[in-house]
Amino acid sequence: MNKPFVRIAAVSVLPAAAGLAAAQDKLGDYRLGPGDSIKVQVYQSPDLSLEARVSESGVINYPLVGRINIGGLTVPDAEARIAQALKKNRILKAPQVNINVVQVRGSQVAVLGQVSKPGRFPLEAMNVRVSDMVAAAGGITPQGDDVVVVAGVRNRKPFRKSIDTNALFAGKGGADDILVQPGDTIYVAKAPVYYIYGEAQKPGYYRVERGMTVMQAIATGGGITPRGSQSRLQLTRKTSEGRVVELSPKLTDTVQPGDVLFVKESIF
């Protein structure tokens, strides 16, 4: 009977995203989207101040100007567009516009695959990183892979990045712990496994750890029974061309995902 494999390295849950106030200094390439609440202020013109929510079509209604489409724009670009509208409508000659994002509501990120609580999560701030979103989804399950894949759009082009979770959650992610963007999908696949049968104490399937040798794979399966022999091992493997081959592995050989290790009885 197959037995669940156990992930050796536990994943720690990092703190959630920092508050929005701290995020204001890290707007980066964040683009305004439907549902975002903003506060518009115009220098020396308090009567032109406005608190508004971006509509589903990306539009806000601005006093004396009318509808202004700011959906999909960065905050500096949205400030420039409002200033241009004020100038075009001859309301101010040289308007200085400042936008503060009060709340991010319309933007969501999907966290799927081998996480405790897969689903879609709202971006409540603009400096949210991959580790924050994985933590919000309850962390990676024991069956999860050591790689997180982030897919989305950057600069209007498809974007995809694979991130090593061991480094990410050990505090060494550095540049790999990237900021997420609205519409991103974070996916954690199942970890690769190998199978061990025959004269093994605990036959079944187990996680393939990095650099795992045949000896380590046997040990993970509880070792060899008194009837088995470590000199009589058979390894079945599928090649990259799809062929199935049978090998007589050495104890120092590296195990690959999908390998089937069979421990034969001793001939004595």
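**Close-up views of a predicted model**

**Figure 1. Let us start with the whole protein.** The accessible surface of the protein comes to about 14800 Å², and 52% of this surface belongs to carbon and sulfur atoms. Please keep in mind that this is a predicted model. Five helices and 15 strands make up the secondary structure of the protein. The chain has 268 residues, and 42% of them count as buried. How many of the contacts between residues at least 6 apart in sequence join residues at least 24 apart? The share is 60%.

**Figure 2. Here is an open sheet built from five strands.** From one strand to the next, the twist averages 20°.

**Figure 3. Now look at how strands E8 and E9 pair.** Strand E8 covers residues 144-154, and its pairing with E9 is antiparallel, over eight bridges. Which residue in E9 is the bridge partner of Val150? It is Lys161.

**Figure 4. This view shows the largest nonpolar core, a set of 44 residues.** In soluble globular proteins, nonpolar side chains tend to be buried together. In this model, the core members that touch the most other members are Ile60, Tyr62, Ile70, Ile82, Val130, Met133 and Ile186. Helix H2 (residues 75-88) gives the largest share of this core, with six residues. Another core, of 14 residues, lies apart from it; Tyr194, Ala217, Leu233 and Leu261 are among its members.

**Figure 5. Let us zoom in on Ile186 and the residues it touches.** Val130 and Met133 join Ile186 in the list of core residues that touch the most other members.

**Figure 6. Our last stop is Ser229, which sits in strand E13 (residues 228-238).** Is Ser229 buried or exposed? With a relative accessible area of 12%, Ser229 is buried, because buried means under 20%. The side chains of Ser229 and Ser231 make a polar contact at 2.8 Å. Setting aside neighbours within four places in sequence, Ser229 is also in contact with Ile224, Val263, Lys264 and Ser266.

Definitions and conventions:
Residues numbered from 1 in each chain as written. Predicted model: local features only at pLDDT ≥ 70, side-chain atom pairs only at ≥ 80, totals over all residues. Heavy atoms only, no water. Pairing = 2+ DSSP bridges. Helix = DSSP H or I, 4+ residues; strand = E, 2+ residues; numbered from the N terminus. Axes fitted to C-alpha atoms, helices over the stretch in contact; angles between N-to-C directions. Buried < 20%, exposed > 50% of the residue type's maximum accessible area, 1.4 Å probe, protein only. Polar contact = N/O pair within 3.5 Å; in protein donor to acceptor, adjacent residues only side chain to side chain. Contact = heavy atoms within 4.5 Å. Core = buried A, V, L, I, M, F, W, Y, C linked by side-chain atoms within 4.5 Å. Areas by Shrake-Rupley, 256 points an atom, 1.4 Å probe, with all protein chains shown as cover.
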